[in-house]
Amino acid sequence: MLDATHPPSAEITSIAHIDEAKYEEMYAASIADPEAFWGEAGKRLDWIKPYTKVKNTSFDHHNVDIKWFEDGTLNVCANCVDRHLETRGTQTAIIWESDDPNIAQHITYNELHDQVSKFANVLHALGVKKGERVVLYLPMIPAAAYAMLACARIGAIHSIVFAGFSADALADRINGSGAKLVVTADEAIRGGRATPLKKNVDEALSKCDADVKCLMVHRTGGDVAMNPERDYIYAEEVERVSSHCAPVEMNAEDPLFILYTSGSTGKPKGVVHTSGGYLTYAAMTHQYVFDYQEGDVYWCTADVGWVTGHSYIVYGPLANGATTVMFEGVPNYPDASRFWQVCEKHKVNQFYTAPTAIRMLMGLGADFVESADLSSLRVLGSVGEPINPEAWNWYNEVVGKGNCPIVDTFWQTETGGILITPLPGATATKPGSATRPFFGVQPVVLDPHSGDEIAQTECEGVLAMGDSWPGQSRTIWGDHARFVDTYFTQYKGYFFTGDGCRRDSDGYYWITGRVDDVINVSGHRMGTAEVESALVAHKAVSEAAVVGFPHDLKGQGIWCYVTLMTGEAPSEELRAALVKWVRHEIGPIAKPDVIQFAPGLPKTRSGKIMRRILRKIAEDDYGALGDTSTLADPSVVDDLIANRGNT
Ligand code: WTA
């Protein structure tokens, strides 16, 4: 075995929930008898009507149907809030750390209950009913958690749109989900800079049905336009409601939320998660993966606009009665010691972030880390993209002082919770490997061409899952056929992740990245097709092809090949205008890194753009262009190489 391994220390094994032998035993049990394993695991929640059926799932592409705990009823909000009041009402549920390092707020479970109940009553008063969708377009403020839990309390389905998305992206998601209410703030504030959320909502709503309302909470007190026919101010509405709101009884399979995410083609997909299985899985993974123990302070730096924020800031931790930190700011404001100052200030025990942040902070040097007392840290997590061994080692040594297990957690919006991950105290880690499956998870490596499952331990191929787990997404909102098509059709009988992977001789999984046209920019999923359609919507552009390329900080950068309309000439101004255009159409996370003007794109004779070639050119890897003989016009490639990145 060439890969260095980091066995769990005796210290961590002595306090962790489980050790290696226990992991093996529990994993084997979860696979041998999923009914019994999850039947027991589901008891971690409070059910109104206990389930009698546990698992009823089919990956057969003629009939993809996934149900867990299907005859049980519960309320997700009651499980995250009400049931803790008796035992931990005065314990802090949420520590809110503002963008301003001098402001933090501790919200107890009692206060959370009060705030969520009032929020739920405001939603009710605005006419929101069980099963209806509510779009949340909010900064990382406590109201975001209140709004999520308030929806869950009354059985409304929330759909969070990351506050970094543009008005157009927001409008698409409001229309796609059929929401009649958008909850927003006047402005968001990050790194000292304000983003005009309410203004974006105004722009978005001009593209939506006239009966969509807007509820606005105050964050900055900045100036906003209010439309009295349509807009409501939370501070005023809340004066009119009581703080009592009974949680609504929901079926385990009733949707809890929709979250739009990028796919390889066309428009973002509204991934649907339901109630009982999702919460069981989010809570259980949160407990075991982070080894969350009573009294710990846990911090996930994600935004609630992404699935990580749903499962591992709000639902998983709160279902476990944890203290969870919610951070409004960015890692480098006021300076690059911010993460570590916050860890010291709140005595954080588990810290969970993304490789892109680790790489950026690594580049700025160890002094920022060493300025803070990090002795409270016990477990360090990573999520969102493969973590390169150099960043892993830095995280381990400089941040963790060699004492904190690193949990490199592989999962996706569609999976609801972590699938492949080390467990502290149980798993020896290797830098860059997500290691072993969580309980009940059956990873398989498939031959990408034949679709056959590869039996030998050491292999490489595409990653799929052989059977269901309770946190899995059930469908795509309004388009079950697309759900089946995307995940269950190419490789029949499996859930296909869209990722490539390698399995080593120890049975450890190494995720190698997406094998479809999804790219991962700073841990954010981006469909190249979305960037392309934004580009071609510009009047100067006739055609565009977008690929990812290796980027030191972001993991992948966005490289755009752009063919202009006849009569348009390449220029620096046009290049800047196109970058700005894409930012405006989708949001800052989609900002192109390179715009290469291309007189022609490499196409097959049937007109299909050969992205494989474009990827190789962007990667500066011309030796590996492969067969170009099927191209309609092979000379196009020479031109692209000659003008690589500088036209
Ligand atoms: C990638 C984020 C390697 C992967 C939770 C996946 C990872 C996509 C890891 C999902 C990891 C996530 N190692 N790659 N630990 N975690 N990915 O839906 O390509 O935003 O398919 O969910 O991120 O991104 P999503």
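The structure holds 43 aromatic pairs, a pair being Phe, Tyr or Trp rings (for Trp the six-membered ring) with centres within 6.5 Å. This is a predicted model, in which local features need pLDDT of at least 70 and side-chain atom pairs count only at pLDDT 80 or more, while totals for chains, interfaces and linings use all residues. Residues are numbered from 1 along each chain as its sequence is written, and side-chain values use heavy atoms, with hydrogens and water left out.

**Aromatic rings**
- F290 and Y298 pair edge-to-face, at 5.2 Å centre to centre and 65° between the planes; planes over 60 degrees apart count as edge-to-face, under 30 as stacked and the rest as tilted.
- F290 is buried at a relative accessible area of 0%, and Y298 is likewise buried at 0% (buried means under 20%, exposed over 50%, partly exposed in between; 1.4 Å probe, protein chains only).
- One aromatic cluster includes Y23, W38, W68, Y281 and F439.

**Charges over rings**
- K430 lies over the face of Y508, 4.5 Å from the ring centre (NZ of Lys or CZ of Arg within 6 Å of the centre and within 35 degrees of the ring normal).
- R502 lies over the face of W510, at 4.8 Å from the ring centre.

- F119 touches A143, Y146, A147 and A150, among others, not counting residues up to four places away in sequence (contact means heavy atoms within 4.5 Å).
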